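Here is a briefing on a two-chain complex. Please look over the sequence and the model before reading on.

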Amino acid sequence: MADTLAKATGDGRREEMPLVEPSATTGLFEVFRRRYLLKLLVRREIAARYQGSFLGMLWSYINPLSQFFMFYVVIGVIMGLRNIENFGVHMFAGLIVVTFFNETFNAGTRSIRRNKGLVSKMAVPREMFPVASMMVSGFHMGPQLVILASACLLLGWVPDPVGMAALLLAVVIIMILGTGLALMFSVANVYFQDVGNAINVLTNFVRFGVPMIYPYTMVDDRFGPGLVDLYLANPIAQAVLLMQRAFWVGTTSDPAATASEQLPPNLFVLGSISVGVALVVLVVGQWVFSRFENRIPEHL
Amino acid sequence: MTESIIVDHASKRFTLRYHRTFKQMTVAMARRQEVSDTFWALDDVSFTVNQGESIGLMGLNGSGKSTLLKLVSGVMRPDRGKVLTRGRIAGLIAAKAGFHPQLTGRENIYINAAINGMTEAETERKFDEIVEFADIGRFLETPVGHYSSGMAARLGFAVSVSVDSDIFLADEVLAVGDKPFKAKCMERMQQIRDEGRTIFYVSHAAGSVRKMCDRVIVLEEGKVGFDGGVDEGIKYLHYDEPTGSQEEHVDDELGADV
């Protein structure tokens with residue numbers, strides 16, 4: 001009979017399998033080993049966010065555009081910070097990575113709690129949820145980049161390889177940094193719900209700690225050398241500067257002059273150091289996560 | 001015989017926090033009251049299950065059954081001791097856990113299957129079988145949030161039983177669903193048992209344990225109180241004493257919501 005045959009082969013297979021701890025497989029590497037599940041979870045988040053809304057995906061354009069106009073009107077028009085050429089591009093280039101970071105950090109911090117049904121019942125690697133939050137936020141960056149690139153092309157921007165490398169570096173910095181912080185604080189948010197609120201407050205400050213609504217030269221002028229180094233140690237500020245190298249510089253009348261006058265000279269060296277800093281944050285985040293992850297189900 | 005599940009002196013401790021907010025905590029500390037307390041939900045539990053055995057895990061509410069099931073499924077890790085399993089684990093611990101209410105039944109089948117460790121090809125191969133078992137008809141393309149609780153449970157159950165697992169965990173499976181569906185589930189569980197898969201079945205229903213299992217483990221306040229034959233186990237719990245009422249009889253057969 002077919003059943004007995006299936007049973008016989010099944011037993012053979014079973015004897016070959018080792019006895020393992022059922023909870024042994026966790027960690028970021030496991031997340032990427034199960035990338036099919038990751039893909040479905042990311043798609044689920046994206047689909048669910050817009051399901052039942054009339055404008056649907058259009059919201060991921062409306063939201064950044066509204067922010068852009070708010071800052072543009074307040075800072076650019078009312079406060080008259082017009083001495084930056086193409087101020088709108090200068091700001092929007094920065095706003096994109098800042099939004100990516102803030103969304104990753106905020107949604108990632110809340111991700112474990114939001115998926116508590118799954119987390120407390122099924123043995124999936126829990127790092128999956130902060131990573132999925134980062135990828136969902138990354139997905140929403142797409143439309144914004146399209147808007148930015150279109151605006152730049154209208155202003156006479158020609159994409160250059162160095163600029164594209166800067167864009168890539170900026171995105172990589174935020175991806176790693178955001179995931180690391182999300183890992184660390186998602187587990188903290190399980191223990192204390194206040195963490196999610198605190199992160200929300202914290203991310204409000206990010207917009208002002210990066211050269212986005214003001215030029216980098218202003219920081220350079222007002223701060224002493226030591227303080228500028230401290231300012232530049234912030235990987236998000238680095239990502240914003242790299243974004244400006246990628247987009248804004250090319251739209252100005254004299255790109256070479258703008259790059260040398262308006263941006264720090266060793267941009268790519270600093271950017272690479274920022275990747276290193278972000279990686280350290282990721283390793284620490286994973287360490288904290290693994291350390292406290294064990295007690296997540298009982299705290300939910 | 002191959003061992004399927006080894007639980008070796010496993011203990012699990014939980015912390016009870018009496019006060020939640022900062023204000024409550026400070027007040028309690030100022031008054032020198034206990035802020036938190038720990039207790040052992042599982043205390044030095046040991047047993048071995050061989051491949052193909054069908055275990056009924058019984059015990060009163062709060063005896064540690066669900067915690068033990070979570071240790072075996074890998075959701076939790078023991079604080080002391082060890083839990084080892086062989087092969088793929090699937091189960092009906094939370095059939096609806098991965099469901100997203102805004103997504104359709106079809107989309108949720110794919111996600112739930114992936115959570116249970118199935119690949120895309122495997123899901124596609126079994127998709128029709130899952131839909132047929134769930135028997136949700138034209139609601140397949142409707143958001144799961146609009147399903148009745150029984151329908152959602154059916155969909156979850158259908159996915160879980162379609163996984164080619166070596167260990168099948170079931171936590172009061174038959175608590176939801178109507179009578180025909182319960183009968184269908186029992187039949188499918190029987191089939192899983194016949195396929196030589198290990199079954200770990202948590203239940204209060206003496207009747208279904210008697211039908212389904214060949215060994216009973218009774219937990220009492222986190223310790224193994226009894227480990228042995230089915231009838232003796234049920235006797236140990238005094239679940240075999242006649243109560244007379246009709247309702248209790250149904251409960252005995254199918255298992256009530258817990």
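The points below cover confidence, the chain contact, the strands and the core.

This is a predicted model, in which local features need pLDDT of at least 70, side-chain atom pairs count only at pLDDT 80 or more, and totals for chains, interfaces and linings use all residues. Residues are numbered from 1 along each chain as its sequence is written, while chains are lettered from A and ligands numbered from 1 in the order in which they are written. The predictor gives the complex an ipTM of 0.83 and a pTM of 0.87.

**Confidence**

- pLDDT is the predictor's confidence in each residue, from 0 to 100.
- Chain A has a mean pLDDT of 87, with 94% of its residues at 70 or more.
- For chain B the mean pLDDT is 84, and 88% of its residues reach 70 or more.
- Residues 1-10 of chain A stay under 50 in pLDDT, and the model has 7 contacts for them beyond four places in sequence. A contact here means C-beta atoms, placed from the backbone, within 7 Å.
- Residues 244-248 of chain B also have pLDDT under 50, with 1 contact beyond four places in sequence.
- Within chain B, confidence is lowest in helix α9 (residues 246-254), at a mean of 50, and highest in strand β8 (residues 215-220), at 93.
- Where pLDDT is low, the predicted coordinates should not be read in detail.

**Chain A overall**

- Chain A has 15 helices and 1 strand. Helices (H or I, at least four residues) and strands (E, at least two) are DSSP runs, numbered from the N terminus.
- The C-alpha trace of chain A spans about 80 × 45 × 35 Å along its principal axes.
- Of the 300 residues in chain A, 43% are buried. Buried means that 20 or more other C-beta atoms lie within 10 Å of the residue's own, with C-beta atoms placed from the backbone.
- Among contacts in chain A between residues at least 6 apart in sequence, 84% join residues at least 24 apart.

**Contact between the chains**

- The contact takes 31 residues from chain A and 35 residues from chain B.
- On the chain A side, the elements supplying at least two residues each include α1 (2-16), α3 (35-50) and α15 (296-299).
- α1(A) gives the most to that side, with 7 residues.
- By class, the chain A side has 15 nonpolar, 7 polar and 9 charged residues. Ala, Val, Leu, Ile, Met, Phe, Trp, Tyr, Cys and Pro count as nonpolar, Asp, Glu, Lys and Arg as charged, and the others, Gly among them, as polar.

**Strands**

- An open sheet of 4 strands runs β1(A)-β4(B)-β1(B)-β2(B), with antiparallel pairing. Strands pair if DSSP finds at least two bridges between them.
- Its edge strands are β1 of chain A and β2 (36-50) of chain B, each pairing on one side only.
- β1(A) and β4(B) (residues 80-86) share 2 bridges, and A:Val20 has B:Thr85 as its bridge partner.
- β1(B) (residues 3-17) and β2(B) pair over 11 bridges, with B:Val49 the bridge partner of B:Ile5.
- β5(B) and β6(B) (residues 167-171) pair in the parallel sense over 4 bridges. There, B:Leu92 has B:Ala170 as its bridge partner.

**Nonpolar core**

- The largest nonpolar core has 142 residues, and A:Ala170 and A:Met243 have the most contacts inside it. Such a core is a set of buried Ala, Val, Leu, Ile, Met, Phe, Trp, Tyr and Cys residues joined through C-beta atoms within 7 Å.
- Helix α8 (residues 161-191) of chain A gives the most to this core, with 18 residues.
- Not counting residues up to four places away in sequence, A:Met243 touches residues including A:Ile96, A:Leu167 and A:Ala170.

Key:
Contact = placed C-beta atoms within 7 Å. Buried ≥ 20, exposed ≤ 12 C-beta atoms within 10 Å, placed from the backbone.
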